[in-house]
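Please open the model in your viewer and keep the sequence panel beside it. The stops below go from single side chains out to the whole chain.

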Amino acid sequence: MEKLVIERNREDFYRLQINDTNDYIEFDLTDISLPERVMNAADNIAKMDIDYQREKEEITKNVTNEEEKVKKLIQLEKEKSLAMRKEFDSFLGEGSCQKIFGNANYYGMYLQLFEALEPHFKKMEIKLKKGKEKLAKKYLNNDSDVI
């Protein structure tokens, strides 16, 4: 049986160590959908945070029974944390949050993760630009008679 082998340049990937057990997440810088996935996730995360803060304030203001208030706040944080986990996995890769956080789940950790990733997004953009330039040089023909 023949085997299909597609070689990829290591420079096409941005590799990020995410824990002390040498787990990594990789961003394929040649994947045209990567920037869109990151931007969509950032928008969704911002919306989720606004919703979370609004709902938290409503519960705090409107629920008078302290025991019920605590239960509702815990349930809200659990739901929003799971939604954040899913959103981060949408662009980091399935199971990435499990590798990063394990079974821990609290709302603030996702906002900290996004802040920690921001400098890496900037580095990826730089590598992405270099990759595009490299591809353009390789595949674009500079002959003026070619349309």
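Begin by selecting E55, which counts as partly exposed because its relative accessibility is 23%, where buried means under 20% relative accessible area, exposed over 50% and partly exposed in between (1.4 Å probe, protein chains only). This is a predicted model, in which local features need pLDDT of at least 70 and side-chain atom pairs count only at pLDDT 80 or more, while totals for chains, interfaces and linings use all residues. Residues are numbered from 1 along each chain as its sequence is written, and side-chain values use heavy atoms, with hydrogens and water left out.

Because K80 lies in helix α2 (residues 66-92) and E55 in helix α1 (residues 34-62), the pair ties together parts that are 25 residues apart in sequence. Helices (H or I, at least four residues) and strands (E, at least two) are DSSP runs, numbered from the N terminus. With a relative accessible area of 14%, K80 is buried.

Next, show R54, whose side chain meets that of E55 in a salt bridge (3.9 Å, N to O). At 40% relative accessibility, R54 is classed as partly exposed. Now widen the selection to D51, R54, E55, E58 and K80, which are linked in a network of salt bridges. As background, side chains of opposite charge can pair when their charged atoms come close.

Move on to E66 and K69, which both lie in helix α2, three residues apart, or about one turn of the helix. Their salt bridge brings the closest N and O atoms to 3.4 Å.

Of the 147 residues in the chain, 27% are buried, and the structure holds eight salt bridges. Taking contacts (heavy atoms within 4.5 Å) between residues at least 6 apart in sequence, 53% join residues at least 24 apart.

How values were computed:
Salt bridge = Lys/Arg side-chain N within 4 Å of Asp/Glu carboxyl O.
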